[in-house]
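Please look over the sequence and the model below.

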Amino acid sequence: MNLLARAWDEAAEGYEAYFVPRFAPWVAAAVEAVPPLPDGPVLVPCCGTFPEAAPLLSRLGRREVVGIDLSPGMVRLARARVAGLAGVRVEVGDAAEPAGWADRCAGVVSVFGLQQLPAPDEAIATWVRALAPGGWLSVAFWPEVSEEDGPFALMRRVLDAMGGARSDRAWEGRLVEAIAGAGGEVVRDEFPAFAMEHRGAAECFTAYADSGPLRASALAKGPEFIERVKADFLAAAPEGPWRHTPRARLLVARRAR
Ligand SMILES: C[S@@+](CC[C@H](N)C(=O)[O-])C[C@H]1O[C@@H](n2cnc3c(N)ncnc32)[C@H](O)[C@@H]1O
């Protein structure tokens, strides 16, 4: 199993408890961006524990809704969540290359997975090609800069100061072009921001490191690295409850041809 899948396996229960409720407004925004759809399946790449499933069914009516996630631990929790939702299923797989979906879907909806893929612009083009003509894509992801101030911004500053190489984010500027190249027409390109609250910096750090995006670095770089990040993070963080308003990027597109 690759390191990212292992990290999300280990993070799954904590992610579900801590981040899923805090990220719910963005899941709602991505689902509500999809207009009423014709018959046909809806694919949900990087579904994690699958918080998209029930909102999609209530918005779009009963239909086949298929989640794909790399992490068997996430998929186990997702299956528990959707048990009893007719037509909904979850597969372990690579969402960057969902096999057998070309030209079939009424919709593709994905939340907070795109930025983790090795080539996000290529993946989003593949997702557009998974749509039947007239189908809709709604994808929310974390951009490189999601806030100027707040725990996400502080984490970025701490990691930068430690000299870690930033991942190449040039792909963010290529997404609209990638969608168009695959036959899609972008109808919305927005930065929805919602408030989120943490009881304190220590709780926030633990969630980030144990159940969030830092888990893969913890596996790759070891506990000493995480302890250094923690010390710098807590030294610069405010005391007491921490409220911030990060912005994601939401792209909504229709497959025109
Ligand atoms: C931050 S979670 C988001 C989960 C869910 N969509 C949500 O909004 O709560 C990101 C998920 O992407 C999955 N993921 C990362 N790379 C993937 C890939 N190549 N294929 C499928 N899933 C992937 C991870 O396993 C993780 O469950």
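This is a predicted model: local features need pLDDT of at least 70, side-chain atom pairs count only at pLDDT 80 or more; totals for chains, interfaces and linings use all residues.

**A helix and a ligand site**

Residues are numbered from 1 along each chain as its sequence is written, and side-chain values use heavy atoms, with hydrogens and water left out.

Helix H2 spans residues 53-60; helices (H or I, at least four residues) and strands (E, at least two) are DSSP runs numbered from the N terminus. Ala53, Leu56, Leu57 and Leu60 of H2 are buried (under 20% relative accessible area, 1.4 Å probe, protein chains only). Viewed down the axis of H2, the buried residues fall within an arc of 100°, so they line one face of the helix; the arc is taken from the directions from the helix axis to the C-beta atoms. An α-helix has 3.6 residues a turn, so residues three or four places apart point the same way. The buried residues of H2 pack against H1, helix H3 (72-82) and strands E1 (42-45), E2 (65-69), E3 (88-92) and E4 (105-111), with contact meaning heavy atoms within 4.5 Å.

The ligand is surrounded by 20 residues (a heavy atom within 4 Å). Helix H1 (residues 3-32) gives the largest share of this shell, four residues. Polar contacts are pairs of N or O atoms within 3.5 Å. A polar side-chain atom of Asp94 lies 2.9 Å from a ligand nitrogen atom, and a polar backbone atom of Val111 lies 2.8 Å from a ligand nitrogen atom.

Key
A polar contact is a pair of N or O atoms within 3.5 Å; within protein, one must be able to donate a hydrogen and the other to accept it, and residues adjacent in sequence count only if both atoms are side-chain atoms. Buried means under 20% relative accessible area, exposed over 50%, partly exposed in between (1.4 Å probe, protein chains only).
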